Every structure is written in structure tokens, then in C-alpha cells.
Amino acid sequence: MKKEFSAKPEIMKEVWPGEFKSFSWKELMTAIPTAMFLVTGWKSNGKENACLQQYSTFVTDSGEFICIMGWVSKNGHMYKSLKETGCCVLNFPSGDLNDQCIKTVENNQYETDEITASGLTAEKAAAVNAPRIAECFLNIECEYLWEQQNFEHSSRVVVALKAVHICMDSERYDQGKLGRYGETGYMYNIYNARNPDTDKAESDGYFTLTPQKPV
């Protein structure tokens, strides 16, 4: 049975003060997964920057491969780095790197080499002026295209990036080996999925996709 929701169900309560100002109840109810990756670049002081990102999608248009990042803070190091250098690297980790990914959130001080401090290895990119993460199985080197506010007076913007170079672990080409999917493949974020009838948290954290038979 389908149900209609124009307003937040009364039973749904904030887990922490201000939760529904940061995250929409609509997101928690629908719980649509989005791919997780680390965006890397250089801060203006020459230190490594690594920002754990989700709320993004990838599109192909006229032969170009474009990343649309939908939740970029204008107050963060990543945004400032993008504006200064015009480039970044999108680094896709597998589940065994989850702890190091979380540490990049903790090690985000301006004077910190965020990749190294989180137990990961920085390496030189091939086509852009930004560091890559060696342990990530896929690195997409990108150039900045444009940005647009999510809505008037929002502190966050949508940013479009154009892929100019790709580095990928050859073991991922074959799903019979490590592959792109499953426990060793892409990580997907689901934040605090909630049941609107009971307010019960159904899931929270990162997930992987299980390959199925081709359509």
C-alpha cells in the first residue's frame, strides 16, 4: 500500500539537535544510496586535502564524462582548493578502507596532510595538479567546470567536474576477480534510513552492491 507524505510524519524525531536542519526527513525516509569517494587536492599552504563525499551522480554528455557533486560546502577546504587550482581527483575506496576514510573527516585541520594523517598514501596525479590516493582502486582526475547554489542563500553548491584522466586497478575490470561491485567494490552511503511509521532506524553507514544476472 502506497502512502502520501507532504509533511514530516509526527513520529519522526531528531536523533540529535538540529538534525532536520542539516538533513531532510525526506532523505532519511527514502534512503537512496549514493556512491562514496574521497575528493583530493592541494590546500593553499601545500598540504594535502581529502574530503569524503557523497550526494553525487555521474553523467555522459557529448562524449564527455561529468561528475555532478551536489553537496559542496563553500566554507570547506575542498571548495577553496577547487577554486584555486581548478582541479581535483575523485578516489574510490573499497570497504576495507572505510576506517581510513572516516579518519579524513577527523584529520581535516588546515595544517594537516589529510591523506597521510589518515593512514593513506598520496601519489602524483597524471594529468592534474592534485594528489591521488594510491590505495583507492579507481582515481578519476577532473577539471572544474561550474557551480550553482542549491537554492538562494544556501551555504552549499552543486559543482560540475569533467573527467580528464582515469587510473583503475586492472583486477577490477573482471567481476570474476576483484571486480567493481560486491564487498571489494564501490561503497555506497545511506545516512540513518528511517521507517516513517515507527521512526525506527533501519540502517546507517556504507553498503556495497551485489551483482545480479544481466537484464
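Is Ser 62 buried or exposed? Ser 62 counts as exposed, at 73% relative accessibility, where buried means under 20% relative accessible area, exposed over 50%, and partly exposed in between (1.4 Å probe, protein chains only). Before we go further, please keep in mind that this is a predicted model, in which local features need pLDDT of at least 70 and side-chain atom pairs count only at pLDDT 80 or more, while totals for chains, interfaces and linings use all residues. Residues are numbered from 1 along each chain as its sequence is written, and side-chain values use heavy atoms, with hydrogens and water left out.

Let us stay with Ser 62 for a moment. Ser 62 sits in the loop between strand 4 and strand 5; helices (H or I, at least four residues) and strands (E, at least two) are DSSP runs, numbered from the N terminus. Ser 62 has a positive phi of about 55°, although it is not a glycine. Asp 199 also is not a glycine, and has a positive phi of about 65°. Asp 199 belongs to the loop between strand 11 and strand 12, and Asp 199 is buried, with a relative accessible area of 18%.

Now to the interior. In soluble globular proteins, nonpolar side chains tend to be buried together. A nonpolar core here is a set of buried Ala, Val, Leu, Ile, Met, Phe, Trp, Tyr and Cys residues joined through side-chain atoms within 4.5 Å. The largest such core has 23 residues, of which Met 69, Leu 90, Phe 92 and Leu 161 touch the most other members. Two or more residues of this core come from each of strand 2, strand 5 (64-73), helix 3 (77-85), strand 6, strand 9 (138-149) and strand 10. Strand 10 gives the most to this core, with five residues. A second, separate core of 11 residues includes Leu 38, Ala 50, Leu 97 and Ile 115.

Contact means heavy atoms within 4.5 Å. Not counting residues up to four places away in sequence, Leu 90 touches a set of residues including Phe 37, Phe 58, Leu 138, Cys 142 and Leu 161. Leaving aside neighbours within four places in sequence, the contacts of Leu 138 include Leu 90, Phe 92, Cys 167 and Tyr 186. The C-alpha atoms of Leu 138 and Cys 167 are separated by 5.9 Å, although the two residues are 29 residues apart along the chain.

What about the cysteines? A disulfide is a pair of cysteine sulfur atoms within 2.5 Å, and by this rule the count comes to zero. The sulfur of Cys 142 is 5.1 Å from the closest cysteine sulfur, in Cys 88, so it is too far for a bond. For Cys 167, the closest cysteine sulfur is in Cys 136, 11 Å away, and that is too far for a bond as well. Cys 142 is buried, at 1% relative accessible area, whereas Cys 167 counts as partly exposed, at 27%.

The aromatic rings come next. Rings of Phe, Tyr and Trp (its six-membered ring) pair if their centres lie within 6.5 Å; planes under 30 degrees apart count as stacked, over 60 as edge-to-face and the rest as tilted. By this rule the count comes to 11 aromatic pairs. Phe 37 and Phe 58 form an edge-to-face pair, 6.0 Å centre to centre with 65° between the planes. This pair links distant parts of the chain, with Phe 37 in strand 2 and Phe 58 in strand 4 (residues 56-61), 21 residues apart. Phe 37 is buried, at 0% relative accessible area, while Phe 58 counts as partly exposed, at 27%. The rings of Phe 92 and Tyr 186 have centres 5.7 Å apart and planes at 80°, so this pair is edge-to-face. Phe 92 lies in strand 6 (residues 87-92) and Tyr 186 in the loop between strand 10 (156-168) and strand 11 (188-194), so the pair ties together parts that are 94 residues apart in sequence. Both Phe 92 and Tyr 186 are buried.

Finally, turn to helix 4 (residues 98-106), where Asn 98, Cys 101 and Thr 104 are buried. They lie on the same side of helix 4 because they cover an arc of only 110° around the axis, taken from the directions from the helix axis to the C-beta atoms. On the other side of helix 4, Asp 99 and Glu 106 are exposed.
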